[in-house]
Amino acid sequence: MRKDIIIRRETEDDRPRVEEIVRRAFYNLYIPGAAEHYLVHIMRSHPDFIQELDLVLELDGRVVGNIMYTKSTLVDEAGKEKGILTFGPVCIRPGLQRRGYGRLLMEESFRRASALGYEAIVIFGDPNNYVGRGFQSCKKHRVHLEDGTYPAAMLVKELEPGTLAGKSWIYRQSPAFVFDEAEARRFDDSLPPMEKKRLPCQEAFEILSSAVLL
């Protein structure tokens with residue numbers, strides 16, 4: 001059966017559905033429970049949030065996935081700042097994952113980001129999920145944290161090839177990603193209950209998130 005796919009801007013009416021999808025997609029993935037749906041809930045009002053890149057994927061008339069972007073910054077050795085992008089959360093509803101919908105959503109977002117004049121994206125994620133979409137190790141592009149480390153989970157995609165070449169960069173993430181964990185728990189507790197579990201994937205996440213490249 002043919003599937004009708006539309007990728008479009010999120011509307012205010014979409015927001016409860018998007019938050020529900022994010023909650024179900026991330027629940028027990030990184031921690032027992034999840035906080036990503038709370039992050040989505042508060043991120044939209046942050047000055048660094050990019051409304052033009054707040055996208056949903058509609059399948060046969062129903063929203064099944066989303067991606068959101070914020071501004072972030074790279075700083076070179078001379079202290080000059082370069083405005084770039086970070087995305088997240090990005091997800092597809094459980095039961096429809098690994099069918100190519102996430103790829104379509106990301107690639108459309110890359111096209112729109114490039115059309116807006118952005119030249120690079122830096123994210124934190126599992127390389128297995130993103131190298132097929134053109135992301136590379138942060139060390140290949142000499143993008144590191146303030147302390148000089150190269151996290152294994154920090155990945156870089158040049159929307160404009162060569163835009164980061166020839167320099168070393170410090171990555172500064174937007175404060176849009178900072179939130180109160182207690183508030184996140186209270187927000188989750190206000191929603192229909194889901195069982196919090198301790199799963200092996202959470203241990204894998206802890207290992208990856210603490211690994212650095214030498």
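## Pockets, cores and a buried helix

The second largest pocket holds about 160 Å³ of space. A pocket here is an open set of points on a 1 Å grid over the protein atoms alone, where a 1.4 Å probe fits, with protein on both sides within 12 Å along at least five of seven lines; lining residues have an atom within 4 Å of a point. Volume is the space filled by probe spheres set on the points, which are joined across faces, edges and corners. Please keep in mind that this is a predicted model, in which local features need pLDDT of at least 70 and side-chain atom pairs count only at pLDDT 80 or more, while totals for chains, interfaces and linings use all residues. Residues are numbered from 1 along each chain as its sequence is written, and side-chain values use heavy atoms, with hydrogens and water left out.

- Lining the second largest pocket are Pro16, Glu19, Glu20, Arg23, Arg24, His37, Phe187, Leu191, Pro192, Pro193 and Met194.
- Helix H1 gives the most to that lining, with 5 residues; helices (H or I, at least four residues) and strands (E, at least two) are DSSP runs numbered from the N terminus.
- By type, this lining has 6 nonpolar, 1 polar and 4 charged residues, where Ala, Val, Leu, Ile, Met, Phe, Trp, Tyr, Cys and Pro count as nonpolar, Asp, Glu, Lys and Arg as charged, and the others, Gly among them, as polar.
- The largest pocket contains about 1700 Å³ of space.
- Of the 49 residues lining the largest pocket, Phe26, Leu29, Tyr30, Glu36 and Phe124 are the closest to its centre.
- Strand S4 gives the most to the lining of the largest pocket, with 7 residues.
- That lining of the largest pocket divides into 29 nonpolar, 10 polar and 10 charged residues.

**The nonpolar cores**

- The largest nonpolar core has 26 residues, and Tyr69, Phe87 and Ile121 touch the most other members; such a core is a set of buried Ala, Val, Leu, Ile, Met, Phe, Trp, Tyr and Cys residues joined through side-chain atoms within 4.5 Å.
- Two or more residues of this core come from each of strand S2 (55-59), strand S3 (62-75), strand S4 (81-92), helix H3 (101-115) and strand S5 (120-124).
- H3 gives the most to this core, with 5 residues.
- Another core, of 16 residues, lies apart from it and includes Ile21, Leu39, Val40 and Val56.
- Leaving aside neighbours within four places in sequence, the residues in contact with Tyr69 (heavy atoms within 4.5 Å) include Asp48, Phe49, Leu85, Phe87, Phe110 and Ile121.

**Helix H2**

- Helix H2 (residues 36-43) is largely enclosed by the rest of the structure, because 6 of its 8 residues are buried; buried means under 20% relative accessible area, exposed over 50%, and partly exposed in between (1.4 Å probe, protein chains only).
- The buried residues of H2 are Glu36, His37, Tyr38, Leu39, Val40 and Met43.
- Their cover includes helix H1 (15-26), S3, S4 and helix H5 (181-189).

**Two loop residues**

- His141 sits in the loop between strand S6 (136-137) and strand S7 (143-144), and is buried at 11% relative accessible area.
- The His141 side chain makes a polar contact with the side chain of Gln136 (2.7 Å); a polar contact is a pair of N or O atoms within 3.5 Å, where within protein one must be able to donate a hydrogen and the other to accept it, and residues adjacent in sequence count only if both atoms are side-chain atoms.
- Ser190 lies in the loop between H5 and helix H6 (200-210), and counts as exposed at 53% relative accessibility.
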